[in-house]
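My notes follow the display.

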Amino acid sequence: MEGQDWSTTNVGRGTVGGAKALPKTKTALAQALRTGGVQSERKHASGTNASAHSNPTLNARKLEESEETRHATSGKALGKAIMQARTTKKWTQKQLATSINEKPQIIGQYESGSAIPNPQIISKLERQLNCRLPRPGKAPKSAGAKQTANQGQQKKAAHLTRGGPAKRR
C-alpha cells in the first residue's frame, strides 16, 4: 500500500494546480482579453481542407476544360423542346424522370441545356413525350484533324500492298 497515491484528483471542469478557469460569458472573456488574463490566437483556414487551398491560383476546372477538351452540351433548343412537350402533358420534371427511370436532376440539366447529350436518354424522352426532339450536333474537330475524302482514299491506296499480297475481288 505504500506505492498508492491517495491525494485528490480533479476529473472534470474544475481547475488543476492553481490554473485559472476560462471565462464563460462574452463579457467576461472580453474583460480577460483586455486585462491580459487570456491570450487568443487566430487560426487561418481552420476547419477547411488544407490541400484544396494549397495553390489558390490554379483552378481545376480551368485546367480540365479548354477549347479542345470541352464537352458538347445538349443546347437550349433541345431543352426548350423538352419543356414544351412536358408542359403540354402537364407533367412535372419529377414525373417525366420517373417515367423514363432517370433522376429529376437530369431532366433539369437537359432543360437548362447544360447536360452532356446521351442518345439513349433522348430516345426515352421521345418515346414518353410522343414527339421528335432536336438532336444536338457533333462537336467540330480541330483544324489539324480534318481530312477531305480524297486524302483519305489516297492514304488507303498507299497502304494496299503493305502486309501481304493484294486482296482478290
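How many salt bridges does a search of the whole structure find? I count a salt bridge where a side-chain nitrogen of Lys or Arg lies within 4 Å of a carboxyl oxygen of Asp or Glu, and the search finds 4. The model is predicted, and I kept to its limits: local features need pLDDT of at least 70, side-chain atom pairs count only at pLDDT 80 or more, and totals for chains, interfaces and linings use all residues. Residues are numbered from 1 along each chain as its sequence is written, and side-chain values use heavy atoms, with hydrogens and water left out.

I looked up R86 and E111, whose side chains meet in a salt bridge at 2.6 Å, N to O. Because R86 lies in helix α3 and E111 in helix α5, the pair ties together parts 25 residues apart in sequence (helices are DSSP runs of H or I, at least four residues, and strands runs of E, at least two, numbered from the N terminus). Both residues are buried, where buried means under 20% relative accessible area, exposed over 50% and partly exposed in between, with a 1.4 Å probe and protein chains only.

I then noted that E126, R132 and R135 are linked in a network of salt bridges. R132 meets E126 at 3.5 Å, N to O, and E126 meets R135 at 3.0 Å, N to O. E126 is buried at 11%, R135 is partly exposed at 40%, and R132 is exposed at 68%.

Last, I checked I82, which touches L96, Y110, E111, L125, L129 and L133, residues up to four places away in sequence not being counted; contact means heavy atoms within 4.5 Å.
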